[in-house]
Amino acid sequence: MNKSITVIYGDGIGPEVTQQSIKVLDAVAQKFDHHFTYDRALLGGEAIDETGMALPPETVEKALASDAVLFGAVGHPKYDNDPHAKVRPEQGILGIRKALQLFANIRPIATYKALHHLSPLKAKQLENVDFVIFRELTGGIYFGEKTLNAEGTVASDGCTYSQFEIERVAHLAFQFAQKPQRRGKLTLVDKANVLETSRLWRKVVQQMAPQYPNVEVDYMFVDNAAMQIILNPAQFDVILTENLFGDIISDEASVLTGSLGLAPSASIGAAAALFEPIHGSYPQAAGKDIANPLGSIMSAAMMLDHFNMTAEANLVREAVSWTLTNGFVTKDIDPVNFYFTSTIGDLVSEYVQGKIPDAVNRENIELRKSTII
Ligand code: IPM
Ligand code: MG
């Protein structure tokens, strides 16, 4: 199969983690006889430096013309503490979500036994934790009207949702909950005891529920959900929520796995879909070859799922599990005995190509280990 992929490295560790995904995609292409082409485009801080814009129009054109977008990370500390900055890297990612109408952001939370010891939760609470967050991505307070009075002393951000916006993402979440590998449970997370928009979400989802009789629906206020994700995360199967709540609870949920560096995401919409790790640009690690590429690689696996390349996606996930269970991990996971970003990318690709025998040639791999102690 032929697929054209727009590659956006973005800022910080974006380039080095995305390059590992490309290695893995190339290995998949070789093994399964596909043809992937990559076209680079600018976004975020790197785009501001080169063009003065966080989202150059050319990037949107390329993305719209491709089958999918593989995205690294966005953000630079020089903008974070400058509330006056008119152009900000984050405008790039928000802009492309809007331009491609990426209304559903899908963030799976899976745990690995090999990483249980790194999780802030006890191993017992992590058993059977496997849920997916469907976050609405192009509406709500992120895109509402923003005001600041002339004196700069009063500000507001409007939050608006329409029935249409709620329905289109809710349909995807209901359909997902029905899949054989899911448990048929959908939890709507909202703040319907206070917010009008949340009451609309609840009403719309309640109206839709009869169309999906084999999905059990429950409703949870976001403050309680934040607590339940820590107390009893195994209760969740599919969580559906609005933009800001989804942003917050998905960062919270991703640490259950033991490392934010592992969590992938897919953003689906009307045009080309976009795949990106949940983590940010981690500027302190940029260029050091120490960042965890697995969030990006797992996002590339979600891209393969999106292309209906299920065997290919499963093989990538198997390769990732293999690295973790054999202790081939980056510094965030093992600060003493760690492997470089690029080595993890090589190992995952080699596994995909079937080059790593069952009896792992440890000595060879040890040579690619970090010497920093
Ligand atoms: C995310 C990020 C973005 C968001 C930022 C970078 C604008 O936190 O993808 O979760 O808030 O959506
Ligand atoms: Mg976020």
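## Helix packing

A crossing is called left-handed if the near helix is turned anticlockwise from the far one by less than a right angle, and right-handed if clockwise. By that rule, α1 passes α11 in a right-handed crossing. This is a predicted model, in which local features need pLDDT of at least 70 and side-chain atom pairs count only at pLDDT 80 or more, while totals for chains, interfaces and linings use all residues. Residues are numbered from 1 along each chain as its sequence is written, chains are lettered from A and ligands numbered from 1 in the order in which they are written, and side-chain values use heavy atoms, without hydrogens and water.

Helix α1 (residues 14-32) packs against α11 at an angle of about 40°, the axes being 8 Å apart. α1 and α11 are therefore oblique to each other. For helix α9 (residues 222-231) and α10, the axes come within 10 Å and cross at roughly 15°, so α9 is roughly parallel to α10. The crossing of α9 and α10 is right-handed. Axes are lines fitted to C-alpha atoms, for helices over the stretch in contact, with angles from 0 to 180 degrees between N-to-C directions; under 35 degrees counts as roughly parallel, over 145 as roughly antiparallel, 65 to 115 as roughly perpendicular and the rest as oblique. Helices (H or I, at least four residues) and strands (E, at least two) are DSSP runs numbered from the N terminus.

## Largest pocket

The largest pocket has a volume of about 970 Å³ and a lining of 31 residues, with P108, F176, M302, D305 and R317 nearest its centre. A pocket is an open set of points on a 1 Å grid over the protein atoms alone where a 1.4 Å probe fits, with protein on both sides within 12 Å along at least five of seven lines; lining residues have an atom within 4 Å of a point. Grid points are joined across faces, edges and corners, and a volume is the space filled by probe spheres set on the points.

At least two lining residues come from each of β4 (104-110), β5 (130-136), α7 (163-177), β11 (264-268), α11 (294-306) and α12 (310-325). Domain 1 (1-110 + 260-373) and domain 2 (120-257) each give at least three, the bounds coming from an automatic or database domain assignment.

## Second largest pocket

The second largest pocket holds about 670 Å³ of space. Of its 30 lining residues, V74, E90, I93, D247 and G280 lie nearest the centre. The largest share of this lining, 5 residues, comes from α5.
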